[in-house]
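Please open the structure in your viewer and keep the selection tool at hand. The stops below proceed from one selection to the next.

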Amino acid sequence: MDISLDFLQPGQIVSLEHGDRNLYAEVIQFVVSRQLCWVRPLLMVTFIQESPLITDLRDASDLLWPANLFRPALDTEVITFLSQVLAKEPKTEPDSAAKQQLNQFIHQLWQAYQ
């Protein structure tokens with residue numbers, strides 16, 4: 001995916017897609033010299049037949065990932081998911097299952113693009 005460098009601005013929501021899952025993250029910084037994007041995961045959406053399964057990843061670790069794999073997320077696609085996550089009470093402890101899902105997703109994505 002080719003993405004305009006002008007579009008990768010701090011605060012921008014971007015998406016990484018693989019299989020039936022989308023990782024939505026907020027851009028923290030674009031590292032021009034290395035073509036990497038530092039992002040903070042927000043949520044992962046798994047598209048299943050019934051309704052999408054939304055996993056809150058706001059407590060997960062930041063990622064430094066190749067910028068060309070991201071695409072800009074449209075407001076209309078992400079706003080419903082974000083509103084569902086933000087409406088929930090913040091967790092007092094980190095969600096290890098959510099972090100494990102993120103790690104699995106990143107591992108699969110890494111294998112696919114090596």
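Begin by selecting valine 27, which stands opposite valine 39 in β3. Please bear in mind throughout that this is a predicted model.

**The strands**

Within it, select leucine 16, whose bridge partner in β2 is leucine 23. β1 and β2 form a hairpin with two residues between them; select glycine 19 in the turn to find a positive phi of about 60°.

**Helix α2**

Now select residues 96-113, which make up helix α2. How far apart are the end C-alpha atoms of α2? They are 26 Å apart, which agrees with the 26 Å that its 18 residues should span at 1.5 Å a residue.

Colour Ala98, Leu102, Phe105, Ile106 and Leu109, which are buried in α2. Viewed down the helix axis, the buried residues of α2 fall within an arc of 95°, so they line one face of the helix. An α-helix has 3.6 residues a turn, so residues three or four places apart point the same way. On the other side of α2, select Ser96, Gln100, Asn103 and His107, which are exposed.

What covers the buried residues of α2? The covering elements include β1 (13-18), β2 (21-31), β3 (36-46), β4 (53-56) and β5 (63-66).

Alanine 97 counts as partly exposed because its relative accessibility is 41%, between the limits of 20% for buried and 50% for exposed. A distance of 9.4 Å separates its C-alpha atom from that of threonine 55, 42 residues apart along the chain.

**Glutamate 77 in helix α1**

Finally, move to helix α1 (residues 75-86) and select glutamate 77. Is this residue buried or exposed? Glutamate 77 is buried, because its relative accessible area is 19% and the cut-off is under 20%.

Display the side chain of glutamate 77 together with that of tyrosine 24: a polar contact of 2.7 Å joins them. The glutamate 77 side chain also reaches the backbone nitrogen of leucine 74, at 2.9 Å. Leaving aside residues up to four places away in sequence, glutamate 77 touches Asn22, Tyr24, Arg71 and Pro72.

How values were computed. Residues numbered from 1 in each chain as written. Predicted model: local features only at pLDDT ≥ 70, side-chain atom pairs only at ≥ 80, totals over all residues. Heavy atoms only, no water. Helix = DSSP H or I, 4+ residues; strand = E, 2+ residues; numbered from the N terminus. Buried < 20%, exposed > 50% of the residue type's maximum accessible area, 1.4 Å probe, protein only. Expected span 1.5 Å × (residues − 1). Arc of directions from axis to C-beta. Contact = heavy atoms within 4.5 Å. Pairing = 2+ DSSP bridges. Polar contact = N/O pair within 3.5 Å; in protein donor to acceptor, adjacent residues only side chain to side chain.
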